[in-house]
Amino acid sequence: MEKIIAQDISKVYCIDDRDFYAINDLNLEIKKGEIVVVLGPSGSGKTTLLNVLSGLDTVSVGNVFYDKENIAKYSDRKLTAHRRLKSSFVFQNYNLLENLTVYQNVMIGSEIASEKTDIDEIISVVGLKNHIKKKPHQLSGGEQQRVSLARALAKNPEVLFCDEPTGALDEKTGKNVLEKLIKVNEKYNTTMIIVTHNPSIALIGDRIIKMNSGRIVSDEPNKRVKPTDISWG
């Protein structure tokens with residue numbers, strides 16, 4: 001995959017017989033290997049944008065291209081296959097299986113990958129080599145989030161979608177997770193779309209997109225800042 005193109009997309013909900021535009025007539029292009037951070041307050045449409053770009057949801061109007069493939073025209077079955085093969089997700093809630101070890105949780109991602117991945121290498125990249133036999137309850141919040149990241153990477157995704165990946169973490173732990181995201185991007189050239197309400201987190205991106213009321217209000221290139229250099233907001 002060389003790029004994602006969102007073309008004239010809108011997502012409309014009918015509430016009390018009135019149309020509500022969660023996103024409204026957006027155009028966007030994301031290139032392979034970019035870290036794109038989508039910033040905005042609650043209700044700005046940023047999570048809806050992530051959902052329709054990833055195929056977790058469908059647009060009401062418009063097209064979403066992965067190169068020449070328009071996923072907006074896919075059937076539910078084909079869209080499920082697309083998510084399985086192309087994308088991985090990291091959410092604020094870690095969604096780990098409590099009865100499995102770190103290694104076993106990461107293995108789940110590898111088992112549905114289209115190509116075999118090196119689980120040991122991925123675990124090492126996210127800094128969990130000394131924790132592979134532990135279960136989630138034996139880990140800190142930041143370590144659990146890194147397990148979630150490793151599991152997502154074990155699918156060998158073309159695009160990693162992150163929804164408030166540091167939202168439940170303190171400053172030190174959150175910065176550590178951001179460092180691991182940057183390391184993954186640099187090592188695997190994984191395209192990343194990160195949604196957050198925290199302006200500090202946005203500074204790690206190659207681009208910062210700001211949203212409000214369902215629209216993109218700015219889309220600017222950014223010179224990456226190291227997580228250790230940002231002020232946590």
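Tyr13, Ile15 and Phe20 make a nonpolar surface patch of about 280 Å². Patch residues have over 30% relative accessible area and no salt bridge, with nonpolar side chains joined within 5 Å. The model is predicted: local features need pLDDT of at least 70 and side-chain atom pairs pLDDT 80 or more, while totals for chains, interfaces and linings use all residues. Residues are numbered from 1 along each chain, and side-chain values use heavy atoms, with hydrogens and water left out.

**Surface and burial**
- Tyrosine 13 lies in strand E1 (residues 3-15); strands are DSSP runs of E with at least two residues, and helices are runs of H or I with at least four.
- Tyrosine 13 is partly exposed, at a relative accessible area of 33%; buried means under 20%, exposed over 50%, and partly exposed in between, with a 1.4 Å probe.
- Alanine 152, in helix H5, is buried at 5% relative accessibility.

**Pocket and cavity**
- The largest pocket has a volume of about 250 Å³; on a 1 Å grid, a pocket is an open set of points with protein on both sides within 12 Å along at least five of seven lines, and lining residues have an atom within 4 Å of a point.
- Its lining comprises 13 residues, of which Ser88, Phe89, Ile112, Arg151 and Lys155 lie nearest the centre of the pocket.
- Helix H2 (76-86), strand E6 (87-91), helix H3 (102-111) and helix H5 (141-153) each give two or more residues to this lining.
- One cavity of 30 Å³ or more is found in the whole structure; a cavity is a set of points where a 1.4 Å probe fits but cannot get out.
- The largest cavity has a volume of about 40 Å³, and its lining residues include Val52, Asp57, Ile71 and Leu79.

**Salt bridges**
- There are nine salt bridges, each defined by a Lys or Arg side-chain nitrogen within 4 Å of an Asp or Glu carboxyl oxygen.
- Arginine 207 and glutamate 34 form a salt bridge at 3.0 Å, N to O.
- Arginine 207 is in strand E9 (residues 207-212) and glutamate 34 in the loop between strands E2 (18-31) and E3 (35-39), so the pair ties together parts 173 residues apart in sequence.
- Both arginine 207 and glutamate 34 are buried.
- Lysine 175 and glutamate 171 pair at 3.0 Å, N to O, and are four residues apart in helix H6 (residues 171-188), about one helical turn.
- Lysine 175 is buried at 12%, whereas glutamate 171 is partly exposed at 38%.

Definitions and conventions: Patches are made of residues with over 30% relative accessible area and no salt bridge: like charges are joined within 9 Å, nonpolar side chains (Val, Leu, Ile, Met, Phe, Trp, Tyr) within 5 Å. Accessible areas come from the Shrake-Rupley method with a 1.4 Å probe; for residues, only the protein chains shown count as cover. Grid points are joined across faces, edges and corners, and a volume is the space filled by probe spheres set on the points.
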